[in-house]
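Subject: Structure handover

Hello,

Here is the structure I promised to pass on. Please load it before reading further; my notes follow below it.

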Amino acid sequence: VYLKAIEAHGFKSFADKVDIRFDAGVTAVVGPNGSGKSNITDAIRWVLGEQSARSIRGVKMEDVIFNGTTDRKPMNHAYVRLSLDNTARTLQMDADVVHITRKLYRNGDSEYFINNDRSRLKEINELFLDSGLGRNAFNIISQGEVDEVLNAKPDQRRGLIEEAAGVMKYKLRKKESERRLEDTAGNLDRVHDIIHELE
Ligand code: ATP
(Lines give C-alpha, C1' and ligand atoms only; values in the text may rest on other atoms or scores of the structure.)
Protein backbone atom coordinates (compact mmCIF):
# COMPACT_ATOMS: atom_id res chain seq x y z
CA VAL A 1 0.00 0.00 0.00
CA TYR A 2 1.27 3.43 -0.70
CA LEU A 3 -0.38 6.74 -0.10
CA LYS A 4 -1.23 8.32 -3.44
CA ALA A 5 -3.15 11.40 -2.41
CA ILE A 6 -4.82 13.30 0.38
CA GLU A 7 -7.80 15.51 -0.26
CA ALA A 8 -8.89 17.77 2.56
CA HIS A 9 -11.54 20.44 2.87
CA GLY A 10 -12.44 22.26 6.05
CA PHE A 11 -9.88 20.30 8.05
CA LYS A 12 -7.90 22.60 10.39
CA SER A 13 -6.20 25.31 8.29
CA PHE A 14 -7.40 23.88 4.94
CA ALA A 15 -10.30 26.24 4.28
CA ASP A 16 -9.79 25.78 0.57
CA LYS A 17 -9.96 22.29 -0.79
CA VAL A 18 -6.43 20.87 -1.02
CA ASP A 19 -5.36 17.91 -3.08
CA ILE A 20 -1.89 16.67 -2.20
CA ARG A 21 -0.41 14.02 -4.45
CA PHE A 22 2.48 11.76 -3.53
CA ASP A 23 4.59 10.20 -6.23
CA ALA A 24 6.71 7.11 -5.70
CA GLY A 25 9.81 7.90 -3.65
CA VAL A 26 10.26 10.45 -0.93
CA THR A 27 8.02 13.50 -0.63
CA ALA A 28 9.09 16.49 1.42
CA VAL A 29 6.63 19.14 2.51
CA VAL A 30 8.23 22.46 3.29
CA GLY A 31 6.82 25.70 4.65
CA PRO A 32 7.24 28.24 7.46
CA ASN A 33 6.23 27.48 11.05
CA GLY A 34 2.48 27.38 11.49
CA SER A 35 1.79 27.04 7.78
CA GLY A 36 0.06 23.68 8.20
CA LYS A 37 2.68 20.99 7.60
CA SER A 38 1.76 19.02 10.70
CA ASN A 39 -1.92 19.46 9.84
CA ILE A 40 -1.26 17.11 6.93
CA THR A 41 -0.10 14.27 9.18
CA ASP A 42 -2.94 15.09 11.58
CA ALA A 43 -5.32 14.66 8.62
CA ILE A 44 -3.88 11.21 7.90
CA ARG A 45 -4.22 10.08 11.52
CA TRP A 46 -7.72 11.52 11.68
CA VAL A 47 -9.05 9.83 8.57
CA LEU A 48 -7.64 6.53 9.81
CA GLY A 49 -9.92 6.90 12.80
CA GLU A 50 -8.04 8.85 15.44
CA GLN A 51 -10.42 9.19 18.38
CA SER A 52 -8.26 11.32 20.64
CA ALA A 53 -8.43 15.04 19.88
CA ARG A 54 -5.25 15.51 21.89
CA SER A 55 -3.26 13.22 19.58
CA ILE A 56 -4.00 15.59 16.74
CA ARG A 57 -3.27 18.64 18.85
CA GLY A 58 -6.83 19.64 19.68
CA VAL A 59 -8.91 19.81 22.83
CA LYS A 60 -12.19 18.54 21.46
CA MET A 61 -12.85 16.76 18.18
CA GLU A 62 -14.66 19.78 16.65
CA ASP A 63 -11.30 21.58 16.76
CA VAL A 64 -10.42 19.84 13.49
CA ILE A 65 -13.08 21.85 11.66
CA PHE A 66 -11.79 25.06 10.05
CA ASN A 67 -12.51 27.69 12.63
CA GLY A 68 -12.36 30.81 10.48
CA THR A 69 -9.82 33.58 10.18
CA THR A 70 -10.21 37.36 10.16
CA ASP A 71 -11.45 37.25 6.58
CA ARG A 72 -13.04 33.79 6.36
CA LYS A 73 -16.08 32.34 8.00
CA PRO A 74 -15.74 29.11 10.01
CA MET A 75 -16.83 26.00 8.13
CA ASN A 76 -19.53 23.58 9.05
CA HIS A 77 -17.67 20.38 8.42
CA ALA A 78 -14.26 18.81 7.95
CA TYR A 79 -13.57 16.32 5.21
CA VAL A 80 -10.48 14.22 4.53
CA ARG A 81 -10.07 11.54 1.90
CA LEU A 82 -7.02 9.29 1.47
CA SER A 83 -6.32 7.47 -1.76
CA LEU A 84 -4.24 4.36 -1.24
CA ASP A 85 -2.61 2.31 -3.95
CA ASN A 86 -3.74 -1.26 -3.43
CA THR A 87 -2.39 -2.90 -6.59
CA ALA A 88 -0.42 -5.29 -4.33
CA ARG A 89 -3.72 -6.19 -2.56
CA THR A 90 -2.23 -5.53 0.87
CA LEU A 91 -5.65 -4.34 1.93
CA GLN A 92 -8.21 -7.12 1.70
CA MET A 93 -10.24 -5.43 -1.03
CA ASP A 94 -10.51 -6.22 -4.69
CA ALA A 95 -9.67 -2.71 -5.85
CA ASP A 96 -6.50 -1.09 -7.17
CA VAL A 97 -7.22 2.14 -5.33
CA VAL A 98 -8.88 2.29 -1.93
CA HIS A 99 -10.36 5.57 -0.73
CA ILE A 100 -10.91 6.15 2.96
CA THR A 101 -13.03 9.17 3.85
CA ARG A 102 -14.02 10.74 7.14
CA LYS A 103 -16.38 13.65 7.63
CA LEU A 104 -17.27 15.47 10.81
CA TYR A 105 -20.02 18.07 11.23
CA ARG A 106 -20.18 20.70 13.94
CA ASN A 107 -23.24 19.05 15.44
CA GLY A 108 -21.02 16.03 16.13
CA ASP A 109 -22.33 13.83 13.31
CA SER A 110 -19.54 11.81 11.82
CA GLU A 111 -19.28 9.57 8.77
CA TYR A 112 -16.70 7.16 7.42
CA PHE A 113 -16.54 5.72 3.93
CA ILE A 114 -14.49 2.93 2.38
CA ASN A 115 -14.55 3.76 -1.32
CA ASN A 116 -18.13 4.99 -1.73
CA ASP A 117 -19.66 2.80 0.95
CA ARG A 118 -20.68 4.23 4.26
CA SER A 119 -18.65 2.32 6.87
CA ARG A 120 -18.13 2.00 10.55
CA LEU A 121 -14.84 2.85 12.22
CA LYS A 122 -14.56 -0.83 13.18
CA GLU A 123 -14.46 -1.80 9.50
CA ILE A 124 -11.70 0.72 8.83
CA ASN A 125 -9.71 -0.60 11.78
CA GLU A 126 -10.14 -4.16 10.53
CA LEU A 127 -9.06 -3.24 7.02
CA PHE A 128 -5.78 -1.86 8.35
CA LEU A 129 -5.24 -4.41 11.08
CA ASP A 130 -4.42 -6.99 8.45
CA SER A 131 -1.96 -4.73 6.68
CA GLY A 132 0.37 -3.60 9.46
CA LEU A 133 -0.72 -0.05 8.66
CA GLY A 134 -3.15 2.21 10.42
CA ARG A 135 -3.15 5.09 12.81
CA ASN A 136 -1.42 3.19 15.60
CA ALA A 137 0.97 1.29 13.43
CA PHE A 138 3.70 3.86 13.86
CA ASN A 139 4.04 4.75 10.23
CA ILE A 140 3.66 8.38 11.25
CA ILE A 141 6.52 9.66 13.37
CA SER A 142 5.95 13.16 14.60
CA GLN A 143 8.21 15.70 16.25
CA GLY A 144 9.24 14.51 19.68
CA GLU A 145 8.55 10.88 18.96
CA VAL A 146 12.09 10.30 17.75
CA ASP A 147 13.31 11.34 21.21
CA GLU A 148 10.66 9.12 22.70
CA VAL A 149 12.01 6.09 20.83
CA LEU A 150 15.58 6.89 21.85
CA ASN A 151 14.65 7.39 25.49
CA ALA A 152 12.19 4.51 25.74
CA LYS A 153 12.78 1.58 28.05
CA PRO A 154 13.63 -1.68 26.23
CA ASP A 155 10.14 -3.17 26.64
CA GLN A 156 8.47 0.04 25.38
CA ARG A 157 10.83 0.08 22.42
CA ARG A 158 9.96 -3.53 21.72
CA GLY A 159 6.25 -2.53 21.71
CA LEU A 160 6.94 0.13 19.07
CA ILE A 161 8.82 -2.31 16.87
CA GLU A 162 6.07 -4.88 17.24
CA GLU A 163 3.49 -2.32 16.21
CA ALA A 164 5.48 -1.35 13.13
CA ALA A 165 6.04 -5.01 12.22
CA GLY A 166 2.32 -5.72 12.30
CA VAL A 167 2.56 -8.13 15.25
CA MET A 168 -0.35 -6.32 16.84
CA LYS A 169 -3.05 -8.13 14.88
CA TYR A 170 -1.71 -11.51 16.05
CA LYS A 171 -1.65 -10.32 19.64
CA LEU A 172 -5.27 -9.15 19.33
CA ARG A 173 -6.31 -12.44 17.74
CA LYS A 174 -4.49 -14.41 20.45
CA LYS A 175 -6.35 -12.43 23.11
CA GLU A 176 -9.64 -13.06 21.34
CA SER A 177 -8.91 -16.81 21.11
CA GLU A 178 -7.92 -16.94 24.78
CA ARG A 179 -11.17 -15.28 25.69
CA ARG A 180 -13.11 -17.84 23.66
CA LEU A 181 -11.17 -20.69 25.27
CA GLU A 182 -12.06 -19.32 28.69
CA ASP A 183 -15.73 -19.06 27.72
CA THR A 184 -15.67 -22.63 26.44
CA ALA A 185 -13.97 -23.88 29.61
CA GLY A 186 -16.70 -22.13 31.62
CA ASN A 187 -19.41 -23.80 29.52
CA LEU A 188 -17.73 -27.20 29.97
CA ASP A 189 -17.68 -26.70 33.74
CA ARG A 190 -21.39 -26.01 33.64
CA VAL A 191 -22.05 -29.13 31.55
CA HIS A 192 -20.03 -31.19 34.03
CA ASP A 193 -22.07 -29.76 36.90
CA ILE A 194 -25.32 -30.69 35.16
CA ILE A 195 -24.07 -34.22 34.38
CA HIS A 196 -22.98 -34.55 38.01
CA GLU A 197 -26.46 -33.48 39.21
CA LEU A 198 -28.17 -35.97 36.88
CA GLU A 199 -26.01 -38.89 37.96
P1 ATP B 1 5.41 23.97 12.73
O2 ATP B 1 6.56 24.00 11.81
O3 ATP B 1 5.42 25.06 13.75
O4 ATP B 1 5.11 22.62 13.33
P5 ATP B 1 3.37 23.56 10.81
O6 ATP B 1 3.66 24.06 9.44
O7 ATP B 1 3.48 22.12 11.07
O8 ATP B 1 4.15 24.37 11.86
P9 ATP B 1 0.74 23.27 11.77
O10 ATP B 1 1.02 23.09 13.20
O11 ATP B 1 0.41 22.10 10.94
O12 ATP B 1 1.91 24.06 11.14
O13 ATP B 1 -0.42 24.32 11.53
C14 ATP B 1 -0.91 25.08 12.52
C15 ATP B 1 -1.81 26.12 11.91
O16 ATP B 1 -3.08 25.55 11.67
C17 ATP B 1 -1.97 27.27 12.84
O18 ATP B 1 -1.81 28.46 12.11
C19 ATP B 1 -3.41 27.14 13.29
O20 ATP B 1 -4.01 28.39 13.48
C21 ATP B 1 -4.06 26.44 12.14
N22 ATP B 1 -5.25 25.69 12.59
C23 ATP B 1 -5.30 24.60 13.36
N24 ATP B 1 -6.58 24.22 13.59
C25 ATP B 1 -7.36 25.10 12.90
C26 ATP B 1 -8.77 25.26 12.72
N27 ATP B 1 -9.66 24.43 13.27
N28 ATP B 1 -9.20 26.28 11.95
C29 ATP B 1 -8.31 27.13 11.38
N30 ATP B 1 -6.98 27.04 11.51
C31 ATP B 1 -6.50 26.04 12.26
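This is a predicted model: local features need pLDDT of at least 70, side-chain atom pairs count only at pLDDT 80 or more; totals for chains, interfaces and linings use all residues.

**Helix H5**

Helix H5 runs over residues 168-198, and its 31 residues should span 45 Å at 1.5 Å a residue; the end C-alpha atoms are 45 Å apart, which agrees.

The UniProt entry, which is unreviewed, carries a "binding site" annotation. That annotation covers Pro 32, Asn 33, Gly 34, Ser 35, Gly 36, Lys 37, Ser 38 and Asn 39. Two of these residues deserve a look.

- Ser 35 sits in the loop between S2 and H1. Ser 35 is exposed, because 11 other C-beta atoms lie within 10 Å and the limit for exposed is 12 or fewer.
- Asn 39 belongs to helix H1. Asn 39 has 19 C-beta neighbours inside 10 Å, so it counts as partly exposed. Beyond its neighbours within four places in sequence, Asn 39 contacts Lys 12, Ser 13 and Phe 14.

Two residues here have a positive one.

Lys 12, one of the contacts of Asn 39, has phi near 45 degrees. Lys 12 is in the loop between S1 and S2. Is Lys 12 buried or exposed? Lys 12 is buried, since 23 other C-beta atoms lie within 10 Å.

Arg 89 is not a glycine either, and its phi is about 60 degrees. Arg 89 lies in the loop between S3 and S4. Arg 89 counts as exposed, because it has 12 C-beta neighbours inside 10 Å.

**The nonpolar core**

The largest nonpolar core has 20 residues. Ala 8, Phe 11, Ala 43, Val 64, Ala 78 and Val 80 touch the most other members. At least two residues of this core come from each of strand S1 (2-9), H1, S3, strand S4 (97-105) and helix H2 (121-129).

Take Ala 8 as a way in. Setting aside its neighbours within four places in sequence, Ala 8 is in contact with Phe 14, Val 18, Ala 43, Tyr 79 and Val 80. Phe 14 is also a contact of Asn 39.

**Two loop residues**

Phe 22 is placed in the loop between strand S2 (18-21) and H1. Phe 22 counts as partly exposed, because it has 15 C-beta neighbours inside 10 Å. Not counting residues up to four places away in sequence, Phe 22 touches Leu 3, Lys 4, Ala 5 and Thr 27. Phe 22 and Thr 70 are 48 residues apart in sequence, and their C-alpha atoms are 32 Å apart in space.

Asn 76 is in the loop between helix H1 (37-47) and strand S3 (77-85). With 11 other C-beta atoms within 10 Å, Asn 76 is exposed. What does Asn 76 touch, not counting residues up to four places away in sequence? Asn 76 touches Tyr 105 and Arg 106. Its C-alpha atom is separated by 22 Å from that of Thr 41, 35 residues apart along the chain.

Best wishes

Terms used: Residues are numbered from 1 along each chain as its sequence is written. Helices (H or I, at least four residues) and strands (E, at least two) are DSSP runs, numbered from the N terminus. Two residues are in contact if their C-beta atoms, placed from the backbone, lie within 7 Å. A nonpolar core is a set of buried Ala, Val, Leu, Ile, Met, Phe, Trp, Tyr and Cys residues joined through C-beta atoms within 7 Å. UniProt positions are given in the numbering used here, feature names are shortened, and annotations may be inferred rather than shown by experiment. The expected span of a helix is 1.5 Å times one less than its number of residues.
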